[in-house]
Structures are given as structure tokens and as C-alpha cells.
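Hello,

Here is the structure I promised to pass on. My notes on it follow below.

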Amino acid sequence: MRSSPAAVRGTSTAGADRRHGVMLRLVGAGVMLTVMADTTATTLAVGVLRYTPAGAGMPLGDLVWLTSAAFIPIAALLATAGRWADLFGRRRVLAVGLVVFVLGGIAAVAVEPWSYVLAARAVQGAGAAAMIPASLGLLLGELPESERRGAIALWSSASGLGCLLMQAGGGWLAASVGWRALFIPDVVIGVALLIACAWLPSGRRGGARGVPDVLGAWLLAAGIAIIVLAISKAMAWGTDVLWLALAALALLGGALAQARHHRLPAIDLALWRRPRFVWGWLATWGFGALSYGLLTVQPLYLLHLGYPMLEVAMWLTPTSVAVVVSSFLAGRLIKRVGPYGLIYAGSLLCGGACVLVLVQSGPTVWGLIASVVVGVGVGALAPGTSVATTLAASPHQYASAVGSATMARMVGGAVGVAVVSVVIDHPFMTGPFAGLAGALALCVAISVLIGALALTKITKMRPDPGDVMVKVPRKLLLELRMTLATVAAEADALLPVETRTPPTTTPPAPRPDAQPVSPADTRMGRVPLPRAAGTGPLAGTRGPAN
């Protein structure tokens, strides 16, 4: 039997959609895997440089700039890159970001002076700023609504997988080749993702036409960069950072003023008018400070005890495994407990694990259990914060929402790394691990703040006991009304004349040719009604229309 052309076209279209869906998931997860592997590589490189002759003479605050140099452009450009991805095509912005990221990675491996390495890391951060919102915006914009939560869970769990792979293989690379070799896998994966972009759909483009707000984008990027710089150098520069803070506020005010008057602003103000997005943004900021703070403390703690790099990687592997597994499971639980339920549970687990480590004197079985619990907590926080921010936006704002939310995560991460490094170098506690213990106590405080924010949101979202709200689509209500009207008309036409109710309770005036009604007929209930000509929708049926 020969298939019809329509059936063949339908089958081919469905197959193409499945292939696009698989490729979208692979590329989106690959982008997040690469970015998180790059971040893990910098934390491992900082630990190697801290306890090797190559960087033994440098203070920790300067070594941490290997991470901050990438965080600053990521945090500064994410919101603008997400906005431009929505306007000019998400695949196009993703491809540009991958090219910039790969070139920066090659330079970080090849150049020798420390200042050039930091500049190469900044170039990589600029590329990552374009990759992150464009990848998730493309993923959410092309998938049906029923598959978006699962895609976000996959996208979030890929970050844990990138951390796991880098911790498992990074220790061997750093020990056998050197700390620069930690950036080679990111370059290889970036090239593979760039090739895969050819098989992706172009992504939705905004219908607006005109020149984008370049001035507002530069003002926003400069303001955020100065804020991160001021936080990172607060202890070294003292009160001089206040001038930086004032300059940052002036730049951000100029970016907001541009956004209010420009046709294609760099900041999507409509997104920030959504309270749900603002709450999710705050939770994401806290998650960034907590996760990157813990990511910095863990290897430094183990290297401080004298463990070699390979054993450090082995101790960190259970945490990454727990992140991958719990992120996948959290994506399935999010429909039951909601995003803020996951955020509350994740913050509780991370804070409890940090307290458990604080009462230990060194690496023990309880410390290993605590590291697994930290991974579970981070695995719950990642999809929870992603869903809370991203799905609070409209479909045409997905990339903007991802950019703003990831900006919050990176700014929080820059704050967490800077503050943790300051606390380690200037401890406020006593004991052999005073600096590391103070950093863990700070992580506990951040966990408490995130949990309090999530609990407040859960309480505010709870409806009143007497209120019952059912959301029904308008189209369904219209169809239901038409169906009921049709049923009523048909039932009215089928009813006998004797059982119909007159339209009014006032008896009609007797007609001249009507027959007189006898008292017996009145007692038996047989009262003939006058037949009137119907003028409504049931005209032509027997009896008056009801």
C-alpha cells in the first residue's frame, strides 16, 4: 500500500523535530558542561599555584584573579548578551560566543606572562557570557512547554557533570602536564559544539527593527565589572573602593536611563517588573555565592592538609557525582514540590553539611558524607533557581531571563570567591584551620539566608483557605458555552408543549377565536396555552421559546 504525500511529510517533519530536540539538548548541556568545567579548572589551578613554586610568592587574592578575570566579563555581559540573543537570533549569538571562548582558551594555554593569562581568561568569560543565555534560550524556545522543565534539569545537571569530569581528569593533567593543561579540554569541547551549531534551528528573533542600545550595554557592563572589581579588592584598596562603588552606581543609573528611552534597550525592564523573576534572581544570587565559595574552599582545604593533587581530585569526585544525580532527580520532583521547595531543601542540606565539616578535625568518613550532602544540596539548588527565574518570563524573553539570572549567579560567585579568599587570608576565628573554618562559617550564613528567602516565598505563595482558583483557558470556556447553548436549544425543541414553561408568569390575554375553558379542564390542569410566533433563535419550533 502506497503512503500518501501528506503522511510522508508528517513523518519526516516529526523525525526532524526529534533530531532537532536531541541536538538542542546535547548542545545546551554541552555548553553548561564546558563553562562549569572551565570554572572548576580555574579553582584547581589556583590550588596548584598556591602550593607549588610557580605561584608560592603570590598572595591568594592575586591568584584568585584567575577565576575573577573570567567572572567579571561573564557577569557584566550576560544580561546584554541574552537580550541580543532574543533580538538577533540565538544560534547566531551562540556561535559567536563559542568562537570567542575557543580563542581565549587557546591564548590561556599559549601565553606566558601572568597579565596576558588574565586577559585571555577575560576573553573566555566574554565568550561564555554569550554562550550561556543563547544556549538555554534556544533550548526553551524550540521545545514544547511540556518538555521545558526536563530540559532545564538536564541543562543544570550538565554543570555537575562538567565539574565531575574536570575533577576526575584535571588532577592527572595538573600533576603530569601542568596547570595550563587544565584549559585544553574546554577548547576541544568548544570546537565540537561550534561544529554542532550547524544542525541547530536558528532560534526566534524579535520582530523589532533598529539599532540596539550599544551605549546602554557598555554602561551596564562597565558598572557590573566595577562592582566585582571593588568587591575583589576591598581589603587591598581599603576605602578607595567607595569611589569605585559610586562610579558603578552612576554607570548603572545611566544604563537604566537608556533602557527607559531606547527602542531596543540593553535591559529588559518588563522582565524586572515581574515579582516572581525578582525573587528567583535573589535566590540565584545567593546560590552563586554559596556554590562558588564552596568550590573554592574544598580543594584549598585538602591541599592545605598536604594531599597530592590526584588524591584531592578523588576526594572531590563524590561531590560532583551527587550533583549530577540529584540534579536529574530534582528535575522530576520540581512539579511536586515547586522550585522554592527545592531551593529550601538545597540550602538546608548545604548549611548542615558545612556545620558537619566544621566539627571535624580533618578528612574523615563524616567529612566524606558531608561532601556528598553538599553535592545533593547544590544539585537541588541548581534546577530550583533556574526554573524559578527562567519560567517566570514570557517565551520571547527566555534568553534575557537566562542572561539576567546567570549574571546574578556569576556576580554572587565573584562575591563568594572574593570574600572566601579574604576570610582565608584574614581569619576571624582561631585554630589551625582558622581561615578555612571562617570560610565554612560564612557558607553556613549564606545557606541560612537562601533558606529564609525560599521559606518566605513559599509562605507568600500559599493561597488562603477559603479561596479556590481554577484556571481554565478562554477558548475552552467559549466552546463549553456554545455546547451548552446547543444542548439547551435541542432540549427545548424536543419537549412536549404541555411541559413547557411560559416565558412570563402573567397569563396572556384571551384571543377572540379561543375556545372557552371549562372548570373541569382547569381542575385537571389541562389549560391550553395560546401559540405565539417565536422571534428568537428557536423560531419555528412548537411553543414559546425558553
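Cys197 is buried, at 5% relative accessible area. Buried means under 20% relative accessible area, exposed over 50%, and partly exposed in between, with a 1.4 Å probe and protein chains only. Cys350 is buried too, at 0%. Cys350 is in no disulfide, and the nearest cysteine sulfur, that of Cys354, is 6.7 Å away. A disulfide needs a pair of cysteine sulfur atoms within 2.5 Å. The count of disulfides is zero.

Please note that this is a predicted model: local features need pLDDT of at least 70, side-chain atom pairs count only at pLDDT 80 or more, and totals for chains, interfaces and linings use all residues. Residues are numbered from 1 along each chain as its sequence is written, and side-chain values use heavy atoms, with hydrogens and water left out.

Now the fold. The protein chain has 19 helices and zero strands. These are DSSP runs numbered from the N terminus: helices are H or I with at least four residues, strands E with at least two. Of its 546 residues, 47% count as buried.

There are two salt bridges. The term means a side-chain nitrogen of Lys or Arg within 4 Å of a carboxyl oxygen of Asp or Glu.

- Asp38 and Arg121 pair at 2.9 Å, N to O. Asp38 lies in helix 1 and Arg121 in helix 5, so the pair ties together parts 83 residues apart in sequence. Asp38 is buried at 5%, and Arg121 is buried at 1%.
- Glu112 and Arg180 pair at 3.8 Å, N to O. They sit in loops, 68 residues apart. Glu112 is exposed at 59%, whereas Arg180 is buried at 17%.

Best wishes
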